Amino acid sequence: MQILQTTDLKKYYGSGDTMVRALDGVNLSVEDGEFAAIVGTSGSGKSTLLHMLGGLDRPTSGKVFVEGKDIFSLGDDELTIFRRRKIGFVFQSYNLVPVLNVYENIVLPIELDGNRLDRGHIEHIIETLGLQEKKESLPSQLSGGQQQRVAIARALAAKPAIILADEPTGNLDSRTSLDVMGLLKVTSQQFSQTIVMITHNEEIAQMADRIIRIEDGRIAGDHNA
């Protein structure tokens, strides 16, 4: 089953001779439970693509479907709600709320949506990510790797259709990066979670199931890792 699909996705900035084609006709599909890495150098278009996949920015033309829903057919308020319910994000900078403890950070998006907590599911995530002893800790009391684990737990908690990870190991040392990647792989398998990750790191990308290479706003390669 396809969870994510793009059709002729384009994002242009400027016009005439100064036009930048950040995305120039991207066609992509991701299956349920797949862990895909999008690899490219700085300026290749990978961050722009991730923002389009997550509905954080609107394309110049083309479509993005998540679970068969054309997300850009939604108004801004509808898209915000859809994103909160269907798309989990893991950012390089963690984006944790500093005054909330680990548990509160994990459940915050669910509470903002007014949904009932599946406490068994959340406890399973916390145990899988090794955060049992840190539930009452504030983000400032955690290492970078621990903060990223919390960000992953938060993304998983709402049972999204897809998780989008934006350079999730970018602020971590090499050993911690491998630990976090291992956890992403485990959560993909244990929770049958679809994950799309962007990275410039070839070694990190090899830990995904599939590697999609992007150059100059176009798909330049697509193969199993």
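Visitor: Is Asp113 buried or exposed, judged by relative accessible area?

Guide: The model is predicted: local features need pLDDT of at least 70 and side-chain atom pairs count only at pLDDT 80 or more, while totals for chains, interfaces and linings use all residues. Residues are numbered from 1 along each chain as its sequence is written, and side-chain values use heavy atoms, with hydrogens and water left out. Buried means under 20% relative accessible area, exposed over 50%, and partly exposed in between (1.4 Å probe, protein chains only). Because its relative accessible area is 13%, Asp113 is buried.

Visitor: Which residue forms a salt bridge with Asp113?

Guide: A salt bridge places a side-chain nitrogen of Lys or Arg within 4 Å of a carboxyl oxygen of Asp or Glu. For Asp113, the closest N and O atoms are 2.8 Å apart, and the partner is Arg85. The pair links distant parts of the chain, 28 residues apart: Asp113 lies in the loop between α3 and α4, and helix α2 (residues 76–86) holds Arg85.

Visitor: Why is strand β8 largely enclosed by the rest of the structure?

Guide: Helices (H or I, at least four residues) and strands (E, at least two) are DSSP runs, numbered from the N terminus. Ile195, Met197 and Thr199 point one way from β8, Val196 and Ile198 the other. Strand β8 is largely enclosed because its buried residues number 5 of the 5.

Visitor: In β8, which residue is the bridge partner of Ala37?

Guide: Two strands pair if DSSP finds at least two bridges between them. Strand β3 (residues 35–39) runs parallel to β8, joined by 5 bridges. In β8, the bridge partner of Ala37 is Met197.
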